[in-house]
Amino acid sequence: MTEHARVLEQLPGQLTLRRPAPADHARLRAALADWWDGLGGEAGARQRQSLVPRLWLQHFADTSFLVERPDRTLYAFLIGFLSQTDPRTAYIHFAAVCPEGRGKGMGSTLYDRFFALARAAARSEVRCITSPNNRNSIAYHTRMGFRLEPGDRIDDDGVPVHGDYDGPGLDRVCFVREL
């Protein structure tokens with residue numbers, strides 16, 4: 001096991017929390033294609049996969065987490081970092097729990113670990129984004145205490161949207177949570 005892939009702790013259900021490593025990239029790509037119940041179709045799966053290139057596992061492993069079952073299959077992950085530009089900010093780039101693991105507190109466990117890491121690094125806020133059509137993510141982040149940041153328009157459900165945030169047609173919903 002590489003230094004980045006060191007085990008941090010055993011979790012309930014014989015799950016293991018550890019740092020991700022570059023060798024985990026293929027499993028993360030598969031999860032990014034499969035865990036969203038077809039959201040966005042094949043194009044959505046490709047877009048999600050492109051958001052977590054191997055470099056995240058090479059250069060942001062110390063601020064990221066991966067959860068595995070005893071057979072080493074992927075159960076959940078969180079990819080995050082501490083902003084180099086804004087010393088107040090930590091950022092969650094991507095997080096997910098396998099479909100059969102949702103609603104059991106694993107997402108909250110990962111977020112709480114990241115919040116603790118951010119506090120230990122003297123960060124006072126955590127930011128993240130999601131796609132406007134990912135209603136589950138919007139609801140989850142709101143439940144986790146994130147505040148929706150004002151956008152340049154409001155969608156039909158009253159959600160503030162930042163148009164073309166990540167490029168033409170790539171609108172996003174932006175969140176912030178104070179620590």
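The model is predicted, so local features need pLDDT of at least 70, side-chain atom pairs count only at pLDDT 80 or more, and totals for chains, interfaces and linings use all residues. Residues are numbered from 1 along each chain as its sequence is written, and side-chain values use heavy atoms, with hydrogens and water left out.

## The sheet

Helices (H or I, at least four residues) and strands (E, at least two) are DSSP runs, numbered from the N terminus. Two strands pair if DSSP finds at least two bridges between them. Eight strands form an open sheet in the order S1-S2-S3-S4-S5-S6-S10-S7, and the pairing is mixed. The edges are strand S1 (7-11) and strand S7 (147-148); each has a single partner strand, so one side of each is left without a neighbour in the sheet.

S1 and S2 are antiparallel and share four bridges. Leu 11 has Leu 15 in S2 as its bridge partner. Three residues lie between the strands of this hairpin, and there Gly 13 takes a positive phi near 75°.

Strand S2 (residues 15-18) is covered on both faces. Leu 15 and Leu 17 are buried on one side, Thr 16 and Arg 18 on the other. Here buried means under 20% relative accessible area, exposed over 50%, and partly exposed in between (1.4 Å probe, protein chains only). S2 also pairs antiparallel with strand S3 (residues 65-68), over three bridges. Thr 16 stands opposite Glu 68 in S3.

Arg 147 has Val 176 of S10 as its bridge partner.

An α-helix has 3.6 residues a turn, so residues three or four places apart point the same way. In H1, the buried residues are His 25, Leu 28, Ala 31 and Leu 32. Seen down the axis of H1, they fall within an arc of 120°, so they line one face of the helix. The arc is that of the directions from the helix axis to the C-beta atoms. Ala 26 and Asp 34 are exposed on the other side of H1. The cover over the buried residues of H1 includes H2, H3, S4 and S5. Contact means heavy atoms within 4.5 Å.

H2 buries Gly 44, Ala 45, Arg 48 and Gln 49. Down the axis of H2, these buried residues fall within an arc of 135°, so they line one face of the helix. Glu 42 and Ser 50 are exposed on the face of H2 turned away from its buried side. Helix H1 (25-34) and S5 are among what covers the buried residues of H2.

## The largest pocket

A pocket is an open set of points on a 1 Å grid over the protein atoms alone, where a 1.4 Å probe fits, with protein on both sides within 12 Å along at least five of seven lines; lining residues have an atom within 4 Å of a point. Grid points are joined across faces, edges and corners, and a volume is the space filled by probe spheres set on the points. The largest pocket holds about 1,100 Å³ of space. Its lining has 44 residues; Trp 36, Ala 95, Thr 130, Asn 134 and Ser 137 lie nearest the centre. Elements that give two or more residues to this lining include helix H2 (41-50), strand S5 (89-97) and helix H5 (135-143).

By class, the lining has 20 nonpolar, 16 polar and eight charged residues. Ala, Val, Leu, Ile, Met, Phe, Trp, Tyr, Cys and Pro count as nonpolar, Asp, Glu, Lys and Arg as charged, and the others, Gly among them, as polar.

## Single residues

His 141 is in helix H5. His 141 touches Tyr 111, Cys 128, Phe 146 and Phe 175, leaving out residues up to four places away in sequence.

Most residues other than glycine have a negative phi. Ala 122 is not a glycine, yet its phi is positive, about 65°. Ala 122 lies in the loop between H4 and S6. Asp 164, also not a glycine, has a positive phi of about 55°. Asp 164 lies in the loop between strand S9 (160-161) and S10.

Gln 58 is in helix H3 (residues 55-59). The C-alpha atoms of Gln 58 and Gln 10 are separated by 23 Å, with the two residues 48 apart along the chain.

| Residue | Relative accessibility | Class |
|---|---|---|
| Ala 122 | 64% | exposed |
| Asp 164 | 47% | partly exposed |
| Gln 58 | 37% | partly exposed |
| His 141 | 6% | buried |
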